[in-house]
Amino acid sequence: MVDETTRMIDVYRHDAHKFHGQSHVDAPEEFAGVPVNRAVPYGADADAAALSRPPGRHEPVVPTHETHYRLSLLTGDAVYIPDSRSRAAVENDVRDLLTVADAESAHECWLHSDVATLFNEAVAFPYTSLKYHTLLVAALSDTYRSGLSFENLHLVVDPTNEIVPHRTVYSGDRFALRIDAHDGNRPSARLGSRPWRSWASTWNRLTAHPLNTDYDRWDMALDANLRRIWAWSTALQYLEDFTRWRGVQ
């Protein structure tokens, strides 16, 4: 019998094959001495995938980009062009990320991971993010295992220093975002009756917004673009990329 702690650490390792551009069918069952690429319970992986891309097989939306490295929606360029030196560093960071033994620690590591941002969740949809897909899978897995259904869930805006294990899906220097059934009177919006590419409509329906769209022109631009992005992992990654880019302007 697999205990719940083991199930959650498996969630953070379930797409290890995507770091190496492998299909799930061809993926090894072990990496760096730990089990990887195991099935995720409760259908959470399929539901998280549905939040970012349509089901089934599709032709690449960017025919000239056919690798597992992510394209940036901010710049339109690949975020990582490997060479022999950088590849070794990336492999080391991937190893460190996937071999974290404690599930809550793994969640924190994924929230703050840079290496996971380099990879897409699906080659045919290169703007999707493996980092945020994995965090979405974790949030759905944790809510489902507690007896909640998708239709019970909300996107909740939390203070930046408040991290809820497994359920926080974004942590920035101004606010955090969580998937949960209870908002604690914080700004929130229902996800809907079923998982689909609904980021823009969910963001639009927040009861209060965490961005200063009255006076700050950068926040206005960020908010306007977040209202146009439908794929969840793409939107969360865009939020991280834009915030980081703005910080160096």
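Visitor: How many nonpolar, polar and charged residues does the lining of the largest pocket have?
Guide: Welcome! This is a predicted model. Its largest pocket holds about 690 Å³ of space and has 23 lining residues, with Arg 53, Arg 57, Glu 121, Ala 122 and Val 123 nearest the centre. Sorted by class, that lining has 9 nonpolar, 10 polar and 4 charged residues.

Visitor: Which element gives the largest share of the lining of the second largest pocket?
Guide: This pocket holds about 190 Å³, and among its 13 lining residues Tyr 170, Ser 171, Gly 172, Glu 240 and Arg 244 are closest to the centre. At least two lining residues come from each of helix H5 (130-145), strand S4 (168-171) and helix H8 (232-247). The largest share, 3 residues, belongs to H8.

Visitor: Which residue in S5 is the bridge partner of Tyr 170?
Guide: Strands S4 and S5 run antiparallel and are joined by 3 bridges. They make a hairpin, with 4 residues between them. Within S5, the partner of Tyr 170 is Leu 177.

Visitor: And which residue in S5 is the bridge partner of His 154?
Guide: Here we turn to strand S3 (residues 154-158), which is antiparallel to S5 and joined to it by 5 bridges. The S5 partner of His 154 is Asp 180.

Visitor: Are the residues of S5 buried or exposed?
Guide: Ala 176, Arg 178 and Asp 180 point one way from S5, while Leu 177 and Ile 179 point the other way. With 5 of its 5 residues buried, S5 is therefore largely enclosed by the rest of the structure. For both directions, the answer is buried.

Conventions. Residues are numbered from 1 along each chain as its sequence is written. This is a predicted model: local features need pLDDT of at least 70, side-chain atom pairs count only at pLDDT 80 or more; totals for chains, interfaces and linings use all residues. Side-chain values use heavy atoms; hydrogens and water are left out. On a 1 Å grid over the protein atoms alone, a cavity is a set of points where a 1.4 Å probe fits but cannot get out, and a pocket is an open set with protein on both sides within 12 Å along at least five of seven lines; lining residues have an atom within 4 Å of a point. Grid points are joined across faces, edges and corners, and a volume is the space filled by probe spheres set on the points. Ala, Val, Leu, Ile, Met, Phe, Trp, Tyr, Cys and Pro count as nonpolar, Asp, Glu, Lys and Arg as charged, and the others, Gly among them, as polar. Buried means under 20% relative accessible area, exposed over 50%, partly exposed in between (1.4 Å probe, protein chains only). Two strands pair if DSSP finds at least two bridges between them.
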